Amino acid sequence: MPFVQTIFSPLTVARKLAWDRILMDMKENPALFKQALDVITETTVNFVEANVNADVDGFFFATQCATTELLTEEECKEFGVSYDLKVIESYNQATFLNIAHMHGDRIMFDLIEKYPVNVLNWHDRWVSPSLAEARSKTDKCLLGGIRELVAP
(Lines give C-alpha, C1' and ligand atoms only; values in the text may rest on other atoms or scores of the structure.)
Protein backbone atom coordinates (compact mmCIF):
# COMPACT_ATOMS: atom_id res chain seq x y z
CA MET A 1 0.00 0.00 0.00
CA PRO A 2 1.57 3.33 -1.03
CA PHE A 3 2.31 5.99 1.57
CA VAL A 4 1.68 9.51 0.26
CA GLN A 5 2.70 12.57 2.28
CA THR A 6 0.67 15.80 2.10
CA ILE A 7 2.57 19.01 1.42
CA PHE A 8 1.33 22.49 0.57
CA SER A 9 2.47 24.83 -2.16
CA PRO A 10 4.80 27.59 -0.96
CA LEU A 11 2.16 30.22 -1.74
CA THR A 12 -0.43 28.27 0.26
CA VAL A 13 1.98 28.13 3.21
CA ALA A 14 2.51 31.90 2.94
CA ARG A 15 -1.24 32.43 2.97
CA LYS A 16 -1.68 30.14 5.99
CA LEU A 17 0.95 32.21 7.80
CA ALA A 18 -0.27 35.69 6.87
CA TRP A 19 -3.76 35.08 5.42
CA ASP A 20 -4.92 37.54 2.78
CA ARG A 21 -2.27 40.08 3.70
CA ILE A 22 -0.17 38.30 1.09
CA LEU A 23 -2.29 39.93 -1.61
CA MET A 24 -1.14 43.36 -0.45
CA ASP A 25 2.46 42.18 0.03
CA MET A 26 2.58 40.80 -3.52
CA LYS A 27 1.62 44.19 -4.91
CA GLU A 28 3.47 46.50 -2.53
CA ASN A 29 6.76 44.64 -2.23
CA PRO A 30 6.94 41.74 -4.70
CA ALA A 31 10.73 41.32 -4.38
CA LEU A 32 10.55 40.89 -0.59
CA PHE A 33 7.54 38.58 -0.94
CA LYS A 34 9.48 36.42 -3.42
CA GLN A 35 12.35 36.20 -0.92
CA ALA A 36 9.86 34.83 1.62
CA LEU A 37 8.60 32.35 -0.97
CA ASP A 38 12.20 31.26 -1.62
CA VAL A 39 12.64 30.47 2.09
CA ILE A 40 9.34 28.59 2.26
CA THR A 41 10.27 26.67 -0.89
CA GLU A 42 13.66 25.70 0.53
CA THR A 43 12.07 24.58 3.80
CA THR A 44 9.50 22.52 1.90
CA VAL A 45 12.19 20.91 -0.26
CA ASN A 46 14.08 19.98 2.93
CA PHE A 47 10.89 18.39 4.31
CA VAL A 48 10.42 16.54 1.01
CA GLU A 49 13.99 15.22 1.19
CA ALA A 50 13.43 13.88 4.70
CA ASN A 51 10.28 12.12 3.51
CA VAL A 52 12.00 10.65 0.45
CA ASN A 53 14.74 9.36 2.77
CA ALA A 54 11.99 7.78 4.88
CA ASP A 55 10.77 5.94 1.75
CA VAL A 56 7.47 7.68 1.04
CA ASP A 57 5.93 6.62 -2.23
CA GLY A 58 4.69 10.04 -3.28
CA PHE A 59 3.25 13.39 -2.35
CA PHE A 60 -0.19 14.97 -2.26
CA PHE A 61 0.78 18.50 -3.33
CA ALA A 62 -2.05 20.83 -2.36
CA THR A 63 -2.50 24.33 -3.68
CA GLN A 64 -5.22 26.50 -2.21
CA CYS A 65 -4.19 29.59 -4.17
CA ALA A 66 -4.54 28.47 -7.81
CA THR A 67 -8.04 29.89 -7.98
CA THR A 68 -9.35 32.99 -9.71
CA GLU A 69 -11.21 33.81 -6.50
CA LEU A 70 -7.83 34.78 -5.04
CA LEU A 71 -5.40 35.50 -7.90
CA THR A 72 -5.23 36.27 -11.58
CA GLU A 73 -3.57 33.65 -13.74
CA GLU A 74 -0.59 35.98 -14.19
CA GLU A 75 -0.22 36.40 -10.40
CA CYS A 76 -0.43 32.64 -9.99
CA LYS A 77 2.28 32.15 -12.59
CA GLU A 78 4.54 34.78 -10.99
CA PHE A 79 4.07 33.85 -7.32
CA GLY A 80 3.00 30.24 -7.52
CA VAL A 81 4.03 28.10 -10.46
CA SER A 82 7.82 28.48 -10.40
CA TYR A 83 7.95 27.82 -6.65
CA ASP A 84 5.54 24.88 -7.00
CA LEU A 85 7.68 23.34 -9.71
CA LYS A 86 10.85 23.63 -7.59
CA VAL A 87 9.12 21.59 -4.90
CA ILE A 88 7.61 19.04 -7.29
CA GLU A 89 10.87 18.62 -9.19
CA SER A 90 12.62 17.85 -5.90
CA TYR A 91 10.69 14.59 -5.64
CA ASN A 92 9.00 13.62 -8.89
CA GLN A 93 11.89 11.41 -10.06
CA ALA A 94 12.30 9.75 -6.66
CA THR A 95 8.65 8.86 -6.04
CA PHE A 96 5.97 7.15 -8.13
CA LEU A 97 2.60 8.40 -6.85
CA ASN A 98 2.44 12.18 -7.05
CA ILE A 99 -0.84 14.06 -6.86
CA ALA A 100 -1.63 17.72 -7.46
CA HIS A 101 -4.70 18.85 -5.51
CA MET A 102 -6.45 22.04 -6.60
CA HIS A 103 -8.55 23.49 -3.81
CA GLY A 104 -11.21 26.13 -4.32
CA ASP A 105 -14.22 27.03 -6.39
CA ARG A 106 -12.71 28.54 -9.55
CA ILE A 107 -9.56 26.50 -9.92
CA MET A 108 -6.93 27.07 -12.58
CA PHE A 109 -7.15 23.52 -13.87
CA ASP A 110 -5.56 24.28 -17.24
CA LEU A 111 -2.50 25.70 -15.48
CA ILE A 112 -2.02 23.06 -12.80
CA GLU A 113 -2.74 20.06 -15.04
CA LYS A 114 0.58 20.79 -16.74
CA TYR A 115 2.50 20.07 -13.51
CA PRO A 116 4.77 16.98 -13.68
CA VAL A 117 2.56 14.75 -11.53
CA ASN A 118 0.79 11.44 -12.17
CA VAL A 119 -2.58 12.33 -10.67
CA LEU A 120 -4.87 15.38 -10.60
CA ASN A 121 -7.38 15.94 -7.82
CA TRP A 122 -9.97 18.64 -7.15
CA HIS A 123 -13.50 18.95 -5.80
CA ASP A 124 -14.93 17.65 -9.07
CA ARG A 125 -18.48 17.34 -7.71
CA TRP A 126 -18.57 21.01 -6.71
CA VAL A 127 -16.49 22.82 -9.33
CA SER A 128 -15.51 22.66 -12.97
CA PRO A 129 -14.24 20.78 -14.75
CA SER A 130 -16.26 17.62 -14.36
CA LEU A 131 -14.33 14.35 -14.55
CA ALA A 132 -15.55 13.92 -18.13
CA GLU A 133 -14.40 17.44 -19.08
CA ALA A 134 -11.04 16.87 -17.42
CA ARG A 135 -10.59 13.59 -19.28
CA SER A 136 -10.85 15.51 -22.56
CA LYS A 137 -8.04 17.85 -21.39
CA THR A 138 -5.48 15.40 -20.01
CA ASP A 139 -4.44 11.76 -20.02
CA LYS A 140 -3.25 11.90 -16.39
CA CYS A 141 -4.96 9.83 -13.74
CA LEU A 142 -7.94 11.71 -12.26
CA LEU A 143 -8.77 11.34 -8.58
CA GLY A 144 -12.26 12.40 -7.62
CA GLY A 145 -15.81 11.25 -7.43
CA ILE A 146 -16.62 11.71 -3.76
CA ARG A 147 -19.10 14.41 -2.79
CA GLU A 148 -18.07 15.79 0.58
CA LEU A 149 -20.78 16.57 3.07
CA VAL A 150 -20.68 19.49 5.45
CA ALA A 151 -21.65 18.52 9.00
CA PRO A 152 -24.64 20.43 10.40
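Q: Is K27 buried or exposed?
A: K27 counts as exposed, at 58% relative accessibility. Exposed means over 50% relative accessible area, buried under 20%, and partly exposed in between (1.4 Å probe, protein chains only).

Q: What kind of model, and how is it numbered?
A: This is a predicted model, where local features need pLDDT of at least 70, side-chain atom pairs count only at pLDDT 80 or more, and totals for chains, interfaces and linings use all residues. Residues are numbered from 1 along each chain as its sequence is written, and side-chain values use heavy atoms, with hydrogens and water left out.

Q: Which residue does K27 form a salt bridge with?
A: E75, with the closest N and O atoms 3.0 Å apart. A salt bridge here is a side-chain nitrogen of Lys or Arg within 4 Å of a carboxyl oxygen of Asp or Glu.

Q: Which parts does that pair tie together?
A: K27 lies in helix α2 and E75 in helix α4, so parts 48 residues apart in sequence are tied together. Helices are DSSP runs (H or I, at least four residues), as are strands (E, at least two), numbered from the N terminus.

Q: And E75, buried or exposed?
A: E75 counts as buried, at 17% relative accessibility.

Q: How many salt bridges in the whole structure?
A: A search finds 8. Among them, E78 pairs with K34 at 2.8 Å, N to O. E78 lies in α4 and K34 in α3, so that pair ties together parts 44 residues apart in sequence.

Q: Switching topic: what does L71 touch?
A: Leaving out residues up to four places away in sequence, L71 touches L11, L23, M26, C65, C76 and M108. Contact means heavy atoms within 4.5 Å.
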